[in-house]
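This briefing goes through one model by topic.

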Amino acid sequence: MARFPASFVVSLLLLLTVPRSAIGQAEEDEPNPATIALVAEVTHVIPGTPFYVGLHLQMPEGYHTYWKGNGIVGVATQIDWSLPEGFTAAPIEWPVPMRVDMISISAHGYHDEVLLPIRITPPKELTGDTVVLKGNAIWMCCAKSCHPGFQPLEITLPVARNTETGSPQKNADWAPKFDASRSRQPQTSEDWETQVLQVTASHIDLAIRPTCMESGRSVPPNVYFFSEDNHIYSDLPQIAQKQDDGSLVLRLARSEYGAGDPTTLPGLLYCDTSWGDADAPRLQHIRVDPRLPEDVPEAVTPKEAEW
């Protein structure tokens with residue numbers, strides 16, 4: 001029997017809190033619009049040498065799947081591994097998301113296709129000529145209706161002989177897609193700093209400013225915060241307040257759907273232009289993780305009419 005992690009159950013329960021009329025419901029026997037496959041960046045495994053596999057999702061036009069901080073609807077793509085003895089899998093390395101719309105409900109995810117890389121470390125000693133990596137994949141594909149996906153996946157890779165050393169050979173078909181995904185990984189920036197100014201039951205005020213205020217730089221226009229842990233409500237506007245010193249304060253609606261008691265506010269800051277200088281003209285996403293104050297009150301999501 002397939003096993004699914006607790007995080008999926010929580011995500012599915014959150015999805016079910018949205019009215020059926022708001023999202024549309026797929027017929028039970030309707031096939032999932034997205035296709036998913038477990039693919040490898042390498043052609044073989046070298047004992048003790050880490051390598052990458054990935055979850056490749058392909059969506060039809062108009063459909064999307066979800067980022068790890070999916071928002072108030074949807075389910076983040078996941079895989080529950082069943083690996084050979086001695087193998088370990090790191091967390092998914094998520095490329096930057098975009099804002100997606102599911103029947104006027106704003107969330108975070110991917111259109112068209114996405115490759116989610118995962119670092120696998122094999123043991124230093126392997127017996128046999130091949131290894132089989134297996135896992136149960138979970139995802140959600142939405143447009144005017146939502147389609148949960150559950151599928152066992154596996155991939156078989158040959159094991160290199162003891163005479164082979166160095167890095168595994170790259171798979172010519174998939175290596176370019178892994179490189180493209182890595183080019184979309186979020187980065188940090190020492191040029192900007194963030195600070196949580198205030199936390200109330202309904203909102204968080206997040207300040208964004210240049211690390212060096214004397215630099216004369218201003219926060220770029222059209223900033224949006226992608227919450228990694230769903231503690232920010234994705235379907236209410238983020239209110240930007242420009243400050244006289246060139247900094248910006250984002251007022252973010254809190255979400256009752258965030259799990260646990262966070263001590264920081266992890267996420268990505270997006271802008272239309274770039275957070276970088278001439279050497280980084282297209283740095284549109286930077287990862288931030290400012291600390292939250294102690295004794296954060298319980299979240300009460302504000303009503304749209306009151307926001």
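Ile239 lies in strand β14 (residues 239-242); helices (H or I, at least four residues) and strands (E, at least two) are DSSP runs, numbered from the N terminus. The model is predicted, so local features need pLDDT of at least 70 and side-chain atom pairs count only at pLDDT 80 or more, while totals for chains, interfaces and linings use all residues. Residues are numbered from 1 along each chain as its sequence is written, and side-chain values use heavy atoms, with hydrogens and water left out.

**Ile239**

- Ile239 counts as partly exposed because its relative accessibility is 33%; buried means under 20% relative accessible area, exposed over 50%, and partly exposed in between (1.4 Å probe, protein chains only).
- Not counting residues up to four places away in sequence, Ile239 touches Val249, Leu250, Arg251 and Trp307, where contact means heavy atoms within 4.5 Å.
- Ile239 and Val223 are 16 residues apart along the chain, and their C-alpha atoms are separated by 9.7 Å.

- Strand β12 (residues 203-210) is mostly covered, with 8 of its 8 residues buried.
- One side of β12 carries His203, Asp205, Ala207 and Arg209, the other Ile204, Leu206, Ile208 and Pro210, and all of these are buried.
- Strand β11 (residues 192-199) runs antiparallel to β12 and is joined to β12 by 7 bridges; two strands pair if DSSP finds at least two bridges between them.
- Gln195 has Ala207 of β12 as its bridge partner.
- The hairpin formed by β11 and β12 has 3 residues between the strands.
- β12 also pairs with strand β15 (residues 248-253), in the antiparallel sense and over 6 bridges.
- Ile204 has Leu252 of β15 as its bridge partner.

**Aromatic residues**

- The structure holds 3 aromatic pairs; rings of Phe, Tyr and Trp (its six-membered ring) pair if their centres lie within 6.5 Å, and planes under 30 degrees apart count as stacked, over 60 as edge-to-face and the rest as tilted.
- Trp67 and Phe226 make an edge-to-face pair, because their ring centres are 6.1 Å apart and their planes stand at 80 degrees.
- Trp67 lies in strand β3 (residues 64-71) and Phe226 in strand β13 (residues 224-227), so this pair ties together parts that are 159 residues apart in sequence.
- Trp67 and Phe226 are both buried.
- The pair of Trp192 and Trp275 is edge-to-face, because the ring centres are 5.2 Å apart and the planes are at 75 degrees.
- This pair links distant parts of the chain, 83 residues apart: Trp192 is in strand β11, and Trp275 is in the loop between β16 (267-270) and β17 (285-288).
- Trp192 and Trp275 are both buried.
- One aromatic cluster is formed by Trp67, Tyr224 and Phe226.
- Arg182 lies over the face of Tyr52, at 4.7 Å from the ring centre; a charge sits over a ring if NZ of Lys or CZ of Arg is within 6 Å of the ring centre and within 35 degrees of the ring normal.

**Cysteines**

- The count comes to 1 disulfide, a disulfide being a pair of cysteine sulfur atoms within 2.5 Å.
- Cys142 and Cys146 form a disulfide, with their sulfur atoms 2.1 Å apart.
- The link of Cys142 and Cys146 is right-handed, with 115 degrees about the S-S bond.
- Cys142 is buried, with a relative accessible area of 0%, and Cys146 counts as buried at 7% relative accessibility.
- Cys141 is in no disulfide, and the nearest cysteine sulfur, that of Cys142, is 6.8 Å away.
- Cys141 counts as buried at 0% relative accessibility.

**Nonpolar cores**

- The largest nonpolar core has 36 residues, and those with the most contacts inside it are Phe51, Val53, Leu55, Leu57, Trp81, Leu116 and Ile118; a nonpolar core is a set of buried Ala, Val, Leu, Ile, Met, Phe, Trp, Tyr and Cys residues joined through side-chain atoms within 4.5 Å.
- At least two residues of this core come from each of β1 (35-40), β2 (51-58), β4 (78-82), β8 (113-121), β9 (130-142), β10 (146-158) and β13.
- β9 supplies the largest share of this core, 5 residues.
- Another core, of 21 residues, lies apart from the largest one and has Leu206, Val219, Leu265 and Leu292 among its members.
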